[in-house]
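Subject: The model, and some notes on it

Hi,

Here is the structure I promised to pass on.

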Amino acid sequence: MAAAAEPSRLGLVAGRTLTLRELLYGALLKSGNDAALAIGDGIVPFDRFIGLMNRKSAYLHLKDTRWSTPNGLTDSANYTSSYDLAVLSAYVVRNYPDLAAIAGTRDTVIPATATHPAFYPHNVNHFLDVYQGATGLKTGFTDDAGGCLIATASRGGRHLLLVLMGSDIMFGDGVRLMDQGFATASG
């Protein structure tokens, strides 16, 4: 299943073995749907993984979120809201700093091993390149949702999180909204 994932891929092939950390780099930097599916199918059985995702959503009191896939691609049973994504993202940043650090990495090398070739994921989150103080977090796109951006940035001891959905120019909109946030937060 993971090896056939489209459209964004790390480049997994059936029978290869990667560590969870390597798959996280592929899923978070390259937006590798194959890596996200491999995580969702490799830790526990797929249906249980989705159940655990939905249980965590209930724990976090996410009212507008239901997961049916680990990669977030369009599925009528898979939905969320900007508010819920903000709550979830703040939880990740606060409780999983290693995961947030991976999401803020621009480039990495996953060296070849006996179980897989080398991979060179580059972060598709260009907000990291265009916004001073950007620290992460994740981009997304589907035909239904449009351009989506969860951005984090730090300036002057302040830390902001932005969730943007349905944007045609998500990095430009992200810069404008983050600037407004910092201006409001400081004044």
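First, the ground rules. This is a predicted model, in which local features need pLDDT of at least 70 and side-chain atom pairs count only at pLDDT 80 or more, while totals for chains, interfaces and linings use all residues. Residues are numbered from 1 along each chain as its sequence is written, and side-chain values use heavy atoms, with hydrogens and water left out.

Let me start with helix 2 (33-42); helices (H or I, at least four residues) and strands (E, at least two) are DSSP runs numbered from the N terminus. Eight of the 10 residues of helix 2 are buried, so the rest of the structure largely encloses it. Here buried means under 20% relative accessible area, exposed over 50%, and partly exposed in between (1.4 Å probe, protein chains only). The buried set runs through Asn33, Asp34, Ala35, Ala36, Leu37, Ala38, Ile39 and Gly40, and it packs against helix 1 and helix 3 (46-59). In helix 1 (residues 20-28), the buried residues are Glu22, Leu23, Tyr25, Gly26, Ala27 and Leu28. Their cover includes helix 2, helix 5 and strand 1 (134-142).

Now the cores. A nonpolar core is a set of buried Ala, Val, Leu, Ile, Met, Phe, Trp, Tyr and Cys residues joined through side-chain atoms within 4.5 Å. The largest has 28 residues, of which Leu10, Leu12, Leu18, Leu23, Phe49 and Phe119 touch the most other members. Helix 1, helix 2, helix 3 and helix 5 each give two or more residues to this core, and the largest share, five residues, comes from helix 2. Another core of 13 residues lies apart from it, with Leu128, Tyr131, Ala151 and Ala153 among its members.

Which residues form an aromatic cluster? They are Phe127, Tyr131 and Phe182. Rings of Phe, Tyr and Trp (its six-membered ring) pair if their centres lie within 6.5 Å; planes under 30 degrees apart count as stacked, over 60 as edge-to-face and the rest as tilted. That rule gives three aromatic pairs. Tyrosine 131 and phenylalanine 182 make a stacked one, at 6.5 Å centre to centre with 15° between the planes. This pair links distant parts of the chain, 51 residues apart: tyrosine 131 sits in the loop between helix 6 and strand 1, and phenylalanine 182 in helix 7 (residues 170-186). Tyrosine 131 is buried at 4% relative accessible area, and phenylalanine 182 is buried too, at 8%.

Two loop residues remain. Serine 81 is in the loop between helix 3 and helix 4 (82-95) and counts as buried, at 14% relative accessibility. Serine 81 touches Asp64, Thr65 and Met165, not counting residues up to four places away in sequence; contact means heavy atoms within 4.5 Å. Its side chain also reaches the backbone nitrogen of aspartate 84 at 3.1 Å.

Aspartate 107, in the loop between helix 5 (97-103) and helix 6 (127-130), is partly exposed, with a relative accessible area of 48%. Leaving aside neighbours within four places in sequence, aspartate 107 is in contact with Leu29, Pro121 and His122. The side chains of aspartate 107 and histidine 122 make a polar contact at 2.5 Å. A polar contact is a pair of N or O atoms within 3.5 Å; within protein, one must be able to donate a hydrogen and the other to accept it, and residues adjacent in sequence count only if both atoms are side-chain atoms.

Best wishes
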